[in-house]
Amino acid sequence: MGAKKDKPRSSVSKIMKEVEGEEAPLSPEWAKEIKRRVREMESPIRYIITSALSRRFVFYYNVSTDTFAVNNPEQGTLFKRQEVAACVAEILGPGYAVVKFTIRNGVLKRLSPYQYRLGNSRRKKLQR
């Protein structure tokens, strides 16, 4: 009466306990792949495609509507994998960068700097 059940500490241990109950044992490669996928799922790191004209005007790309949100990263598409975000940015063309964000307690926070399209150097005067 009142016996405590063993509670797994994380999703990885939950999955491994469920997997251990199966009839056929998993290969070490497959168990490693499952652990990697769970780690990736639990990671708070996300990537957003941006186009920053200046500090005041940063555009965040939304894939589903093919539009940009101005100065509002919550309306941009969050990618789990940097490689996928980089491929989409490459398809969009030059001037787009992938910026690293994290989600903690429902708040989106930027981790890497923006890459500005216009650059920080002064424009050269045209010679007439």
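**A walk through one predicted chain**

F101 stands opposite R110 in β5.

Strand β4 covers residues 97-104 and strand β5 covers residues 107-110. The two run antiparallel, and four bridges join them. What do β4 and β5 form together? They form a hairpin, with two residues between the strands. In the turn sits N105, whose phi is positive, at about 55 degrees.

Now the whole chain. The protein chain has three helices and five strands. If you follow the sequence on the screen, the order is α-α-β-β-β-α-β-β. So much for the layout.

How much of the protein chain counts as buried? The figure is 24% of the 128 residues. The accessible surface of the protein chain comes to about 10,600 Å². Carbon and sulfur atoms hold 51% of that surface. As for contacts, take those in the chain with a separation of 6 or more: residues 24 or more positions apart account for 50% of them.

T50 is found in strand β1, which spans residues 45-52. Is T50 buried or exposed? T50 has a relative accessible area of 1%, and the cut-off for buried is under 20%, so T50 counts as buried.

Side chains of opposite charge can pair when their charged atoms come close. How many salt bridges does a search of the whole structure find? It finds two. One joins the side chains of E33 and R36, at 2.7 Å from N to O. In the other, the side chains of R37 and E33 meet at 2.9 Å, N to O. E33, R36 and R37 are therefore linked in a network of salt bridges, with E33 named in each pair.

Where do these residues lie? E33 and R36 are both in helix α2, residues 28-42, and they are three residues apart, about one turn of the helix. R37 and E33 are also both in helix α2, four residues apart, again about one turn of the helix.

E33 has a relative accessible area of 21% and is partly exposed. R36 is partly exposed too, at 30%.

The last stop is on the surface. Which residues form a nonpolar patch there? The patch is made of L53, F57 and V70, and together they have about 240 Å² of accessible area. V70 has its place in strand β3, residues 67-70. With a relative accessible area of 43%, V70 is partly exposed.

To recap: a hairpin of β4 and β5, a buried T50 in strand β1, a salt-bridge network of E33, R36 and R37, and a nonpolar surface patch of L53, F57 and V70. That is the end of my part.

Terms used: Residues are numbered from 1 along each chain as its sequence is written. This is a predicted model: local features need pLDDT of at least 70, side-chain atom pairs count only at pLDDT 80 or more; totals for chains, interfaces and linings use all residues. Side-chain values use heavy atoms; hydrogens and water are left out. Buried means under 20% relative accessible area, exposed over 50%, partly exposed in between (1.4 Å probe, protein chains only). Contact means heavy atoms within 4.5 Å. Accessible areas come from the Shrake-Rupley method with a 1.4 Å probe; for residues, only the protein chains shown count as cover. Two strands pair if DSSP finds at least two bridges between them. A salt bridge is a side-chain nitrogen of Lys or Arg within 4 Å of a carboxyl oxygen of Asp or Glu. Patches are made of residues with over 30% relative accessible area and no salt bridge: like charges are joined within 9 Å, nonpolar side chains (Val, Leu, Ile, Met, Phe, Trp, Tyr) within 5 Å.
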